[in-house]
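Subject: Structure handover, aromatic contacts

Dear colleague,

Here is the structure for your files. My notes on its aromatic rings follow below.

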Amino acid sequence: MKPESAWLLVLFCVAVTVAAFAQNSVAPGKSKPNIIYILADDMGYGDPECYNPEGKIPTPYINQLAAGGMRFTDAHSASAVCTPSRYAMLTGRYAWRTKLQSFVLYGYSAPLIEPGIITVPAFLKEQGYQTACIGKWHLGMEWASKEGKYGTDLKEEEVDFSRPIKRGPVHYGFDYFFGISASLDMPPYVYIENDKAVEVPGEKTTGKEFNNFRAGLKAKDYDLTTTLVTLSGKSTAYIRSNKDKPFFLYLALPSPHTPLVTGKAFRGKSGINDYADYVMETDWVVGEIMQALQKEGIAENTIVIFTSDNGYAPYADYATLKKHGHEPSGIYRGAKADIYEGGHRIPFIVRWPPVVKAGTVNKETLCQTDLMKTLADVLKVKLPETAGPDSYSILPLLKGAHHPVRQATVHHAIDGNFAIRQGKWKLICCAGSGGWSAPTNKDALKRGLPVVQLYDLLSDPAEKYNVQAEYPAVVKQLTALLESYVQKGRSTAGKALQNDVPVDIWKKEQQVK
């Protein structure tokens with residue numbers, strides 16, 4: 001069978017599987033809520049004012065969203081870096097179950113989402129939703145080579161940008177896509193609409209034009225400094241054109257991730273630095289979305305979720321922020337890439353007027369994998385056992401409950417290191433940060449630090465005191481729970497599933513001093 005035929009067969013099987021449970025959806029005549037998921041890139045827990053009273057960056061629109069909805073204070077991305085977080089968010093499955101055991105993908109990387117897996121947009125599409133992805137994808141796609149071949153990680157000079165792209169967003173349940181293949185600091189610098197590049201990139205950037213910017217091909221008319229204005233405009237136009245039918249808009253912003261390419265209207269506006277300006281422009285996009293919903297008269301019947309894919313990136317001029325008294329991770333230790341809380345504890349705000357009481361705060365733990373099961377519960381649809389194996393419903397929390405909805409939550413760092421959180425206890429399966437903060441794993445091992453860390457986040461939210469020696473029973477219990485999650489291929493109830501590759505929670509190859 002040809003690869004193209006095999007792929008079509010997989011899509012047909014997914015459609016049949018999803019259609020089989022579509023009959024359980026909300027009864028005809030009931031008004032299904034629109035769903036907008038606004039995902040910031042590298043925004044820290046302490047960046048929005050509503051999360052950090054001592055913060056110095058104005059975020060009036062995020063504040064307004066929180067005032068009109070529910071603010072979660074113990075929400076987590078599934079990873080401390082972006083590609084695995086996005087995978088988990090759109091599949092309800094931890095990305096460490098896949099071939100991606102550490103780090104992230106690039107702009108020309110092969111797809112990470114496996115053929116046949118049920119995604120959030122594919123599920124919603126079967127429930128009658130229009131679905132759109134606008135912004136940053138960063139989950140891989142199959143570019144065509146100049147020989148017309150697909151299916152491998154191509155080098156930039158091998159890509160034929162005039163040919164259609166395979167296994168991108170429109171192949172995973174999105175009716176429409178407009179955006180970029182990966183981060184704003186990763187080539188190719190070109191917009192993609194549905195399955196084709198809007199323009200064939202012909203210019204070669206040097207990588208010196210902006211901070212933390214990689215050299216590569218760029219489309220002539222692509223201006224990075226207008227990216228947020230462009231994506232905001234595409235999003236509000238999508239809202240206008242779909243106001244009369246239920247829609248799911250996944251707005252994956254590439255900000256405030258580097259390069260800090262703030263638009264002209266916000267340059268210098270914070271009085272702090274480029275990063276703070278970019279946070280303010282990101283906040284402005286939230287305001288544009290809410291204004292569009294109000295203008296079209298559909299704000300009351302729209303679930304709006306605002307969050308970030310991981311913590312703040314310390315290379316985005318942390319020294320200047322600190323000088324001005326702004327801590328982007330708030331009271332928490334670490335930042336993007338780390339297993340510590342600053343790496344994956346993120347802002348998470350939900351506005352849904354008919355259900356969510358305005359101005360409320362919830363302290364229960366949630367993970368971004370929970371989107372899949374939550375939306376299924378909202379629509380009163382039973383998912384297949386294989387869908388969302390790490391997804392729990394937070395609908396009870398949205399309705400005002402204050403009790404745990406997850407048994408435990410698994411965290412993952414850029415180096416592939418694990419942690420598991422249950423109640424006040426957090427067990428870390430490495431000696432250091434698992435990322436870029438001091439001490440790194442290598443340095444921690446050289447210093448003779450224990451390869452296990454245990455923190456009581458109730459009394460020690462800043463993770464200053466490793467108490468693993470004092471509580472061996474807790475270490476044993478949490479280790480066994482994490483191992484069971486790995487072995488069962490899921491962290492929710494249901495039949496055992498298979499991980500795509502073997503998974504080592506201790507990363508034994510790293511434990512060499």
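The charged end of Lys234 lies over the ring of Phe178, 4.5 Å from the ring centre. A charge counts as sitting over a ring if NZ of Lys or CZ of Arg is within 6 Å of the ring centre and within 35 degrees of the ring normal. Arg71 is placed over the face of Tyr51, 5.0 Å from the ring centre.

The model is predicted: local features need pLDDT of at least 70, side-chain atom pairs count only at pLDDT 80 or more, and totals for chains, interfaces and linings use all residues. Residues are numbered from 1 along each chain as its sequence is written, and side-chain values use heavy atoms, with hydrogens and water left out.

There are 25 aromatic pairs in the structure. Rings of Phe, Tyr and Trp (its six-membered ring) pair if their centres lie within 6.5 Å; planes under 30 degrees apart count as stacked, over 60 as edge-to-face and the rest as tilted. Trp96 and Phe418 are edge-to-face, because their ring centres are 5.1 Å apart and their planes are at 75°.

Tyr191 and Tyr222 are buried.

One aromatic cluster is formed by Tyr37, Trp137, Tyr172, Phe174, Phe248 and Tyr250.

Regards

How values were computed: Buried < 20%, exposed > 50% of the residue type's maximum accessible area, 1.4 Å probe, protein only.
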